[in-house]
Amino acid sequence: MNITTATTEQVTNSTTYATTMTTPIATPVTNSTPETTTFTVTSMATTPVTNLTPSVTDTTASTTPVTTLVTSVNLTPQNTTTGAIPTTNMTVATTKVTTPTSTTSTSTRATTIMTSSMTSSTPTTANNGPTTVTSKTVATTTATSTVLTSTTTLPPLTPAPGIDIVMLVKIDKTFIPDYNNKDSANYKSLASSINKLLKNQYEGITGFINVFMTGFRQGSVIVDFTVRTSEFNDTQMAKANDNMKTAMSKEIASVLETSVPQFSSATNMTLSPDVIYTGQTMTLTCNSSGFSLGNDVTVEWTFDGLVISSKRHTISFEIPFTLEVSQVILADAGDYQCTLKGKAISFHQYGKVRTNDIKTAPNVQVRGTMFAECVQGKTVPLECCVQSPFTVNWFAGSTSLESGSGSSQNCISYQYLMQSCTVPKEETFTCKVENPAGYEEKTRLTIFLDSITCNSPEYGAGRTNDRAVGKCEEGQTGAKIAVCLESGNWKLVEDTCIVTVIKELLIGSEDLKEEEVPRFTEILSTAVKDEEKQITKSSATISAIVSILNIIASVSQDVQEDVMQNVLETVDIIISDDAKDSWNFLNTNQTQNSSSLLLGSLETISEVLNGTFAISTQRILLKRVKFRDSYNEHLNSTVFITIPATGLDNTFITTILFSSLNNVMPTRTSAFNFSLFNITSNETDTRNAINAAVLLVKINESIPNVSLSYNKLNTTLELDPQCVFWNFTLFDKVGAWDDEGCQFISDINNTVTCTCNHLTSFSILMSTDIPESIRTLLDIITYIGVGISMVSLLICLIIEGIVWRALTINSTAFMRHVAIVNTALSLLIADICFIIGASIAKNPKENPDEDYTVPVGPCSAATFFMHFFYLAMFFWMFVSSLLLLYRSVMVFSQMSKWTMFAIGLTVGYVCPLIIAVTTVAATAPGNGYVREDQACWLNWTKTKALLALVIPALTIVVFNILVIIVVLYKMLRRRSIGAQADEKHALLVILRCVAILTPLFGLTWSLGIGTMVEPTNKGIHIAFAFFNSLQGFFILLFGTLLDSKIRSLMLRRVPTLSTTSNRTRSTSAGISSHSGLNIFGRLRGRMHVYRLSRTGNSNNTNTASESFTPTH
């Protein structure tokens, strides 16, 4: 036999705790020996909690009757002991348990035990309502012939109906020890009076069952009592409570305090829908059936213990009481509680949304808008992707389309066949998720008949001004919109692709409370670290993180070190070098303030830091210390800050040094003209650069003077240093650098010193562009010089063609002219490629409304040929110096003309080709072969590809200079070249060309390097433009026109020139007709005259050559 009852200990708080007590009763076993039957009652203890809040117990919600039973029964054949201990409880229920007796007989001799029924009763008295239990057992007799066994069976226990509302009232009465003793006269007297008063006030409410006092507690006198009703009417209960307080004050003692009962529902709130996907709306319903709370109800919802109040939560203030959560995220799983506060009671109901109740929604990715040139019979692939485990299908209207595998495992592809190309048309296709339904994306395909302007794997084909919508990378949601430019490139104009986990954090941050900030920043920091590679390449994700940081800054009032550590670790990643392109894009959007918002958020957080600490990340250094009067600190060996005597004592100062914020902040200043702003550019002001770390300084006091010394990031920048701070208010709060209150002091040893009369975020700006004052002059020099150079090269090639047969009579002369022709031809083709490259790349100053990002394909081709032919020009000069060295040092060695020619071609063209191809192979895969904007030329900033031209060129220059020294040394020692007259002449011309052109070309390209090392030096820019644009003229002058044989042949073959020459000789002035040209001859010095005077020969050519000797 098992008896299950409920036990309640003395409770001194608002909540009644019930424990289960099980009383197993052993069935007697009959035999010849008397046996002992033991009745044992076991109970589970409860822990009382003391406070002043009453509770409500719903007795209809439990299948176990509430009763107080503390019984110890030990039955033997000799005697029976029964004990009952009365107790008092705030939860009162009357339970009567009757135990009938049944008898079973056997023929075996044994002890006969006869047991009467066991009755447990719980009477309620008028004075204190005690609960008592009475047990009665009949004596047992023993017989020798029969066995009589009694078995006790309990009927089902039926709980008393109703709702127990446990309340308290604090009265102005002195507490005496007798109030702890329920048998004392004082206790009984006061209890009787209070019970009578309570019954008079509450018996009139609807559904009233009973009311009784359960005890007294100290604190003046706290009276605990319970009202039992079958239903709850808030209005009636509130009125009864008011009447009770009035009556209590009149009849017993003044009422000092009452409290509103708290009722916690035993049932959970309901959740819909059954399966919730992120982005959907879920609804939680608070069920308060049985409680009539009236119209004046206050509704409050909490999530994980924090009160809910946000834009994506909608609360209903009438039945049914619901909470709608829109844009559900995974973090919405947790514990929810609704509280309905009436006049007389607070109703609570709980619910738990488990993590597996919310599932990640399908992320369908398609190219929203596509274009294709109509080619009959050709197919256009339409790809749709979704993450595992979801599957998708393509539809045209309601017709399912057969699709194959896509580019990755979770993608499908439908091949659209273009059957007719008579008229342009548009088609719309829908990619739908199979399960769950309702998730789909559409692709609009435009078939056109025009020619293609743009074409790329990401956006496909398009015409000028077409706007294509591309898909995001895996793990991102959103889209990319690009426009087709006349240049043939797709230009990204809008990017909403955001990493999914960051998007959920952005949505979750809308509900952020200050108490949640430590945990939230930890989650944010971890997510950013895990997704670093995707985040730095996604401008939309960086913008979302900045918005999150701004929310954190706005809700935080007291930031500890751990929170700031998480914040700086997050910022450290989004300001890295890898994120530079993303920031450039953000700084050119419509608002243009993402960078300003980031810096502003950090300034706001720095104002509410608590304590002294230091935090260091890869790119950020924070120090928060106290200082007295003055402050001096060397921050990370790059910035030194000095604050002279201030008179302050124990004042906090916070410094945050950002070593790579130059990747983030735009370079615009207060003088920037937004009307000229070009949305296609990647910079807001290309003339300036942030050339130092950015230092944020915060003190909650006014500082009149601060001195800052910065180490330059780029030591080659020297022009126009500006001491600036970020002014958040400029340009309608978009922000820009401002120098108000700051003054430049010095620029010594690559350290710039400034002083300012206020504190904020500081740095320095320096000019990077060609000085504006010489830009027009450089353009004029370049255009005129290149024109002269190309015309000179054409003249040079024409002259060489005229004199070729007459002058290439020996191997040395042959190779000398082969070298000069190929040098001129290489430079001419390089100049033509230069003009083509200049037309491909558009300068933003000349084309403010167009994109000046170079088209990689055409620009790479132009750059390759420029690189190749510039190298060929130098290598043919190298061939000339090799020939000179060979003929001067190896006098008696003979090599055939065609052997020399083969060697010349190999050195002159094969070697440059190898270098040019290797450069492309090494740098093009990483998009580092050509510059990104403004010019088609080898990349310098990213891969230093330009060194593939500079190093070979300067190496050849150095080698040629060494050859000149060796040859001159040989000539001075021998006093003769020791060769035939024709070869001597050729060698001397080669020597002159190499000796003059090598320094000129070497100087030209040295100046070119100088323009990169010293980009703001006016003199270097002018000199480079002059020498570089006139290289062709120098080849014509020193390689052709100064050759006496060429001049003689040209004079003889052009009759007009010959007649003029003869007429000039007959003048009385006695000056040679060639004196104009001999100006250059006099510059050659006496040694050359001496050599030419020895070239006596009877042939016409040499005679012509000798005719120049007298003029010296």
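Guide: Happy to! Let's begin with cysteine 833, which is buried at a relative accessible area of 10%; buried means under 20%, exposed means over 50%, and partly exposed lies in between, using a 1.4 Å probe and protein chains only. Cysteine 911, by that scale, is partly exposed, with 29% relative accessibility.

Before going further, please keep in mind that this is a predicted model, in which local features need pLDDT of at least 70 and side-chain atom pairs count only at pLDDT 80 or more, while totals for chains, interfaces and linings use all residues. Residues are numbered from 1 along each chain as its sequence is written, and side-chain values use heavy atoms, with hydrogens and water left out.

Now to the bonds themselves. A disulfide is a covalent bond between the sulfur atoms of two cysteines. Here a pair of cysteine sulfur atoms within 2.5 Å is called a disulfide, and that rule gives nine of them.

One of these joins cysteine 385 to cysteine 411, with 1.9 Å between the sulfur atoms. The angle about its S-S bond is 105°, and the link is right-handed. Helices (H or I, at least four residues) and strands (E, at least two) are DSSP runs, numbered from the N terminus. Cysteine 385 counts as buried at 12% relative accessibility, and cysteine 411 counts as buried at 6%.

Next, cysteine 454 pairs with cysteine 484, their sulfur atoms lying 2.0 Å apart. This disulfide is right-handed because the torsion about its S-S bond is about 90°. The pair links distant parts of the chain, 30 residues apart: cysteine 454 is in strand β38 (residues 454–456), and cysteine 484 is in strand β42 (residues 480–484). Relative accessibility is 0% for cysteine 454, which counts as buried, and cysteine 484 is likewise buried at 0%.

Finally, look at cysteine 859 and cysteine 936, a disulfide with its sulfur atoms 1.9 Å apart. Its S-S torsion is about -135°, so this one is left-handed. Cysteine 859 belongs to helix α13 (residues 856–889), whereas cysteine 936 is in the loop between α14 (897–923) and α15 (947–974), so the bond ties together parts 77 residues apart in sequence. Both cysteine 859 and cysteine 936 are buried.
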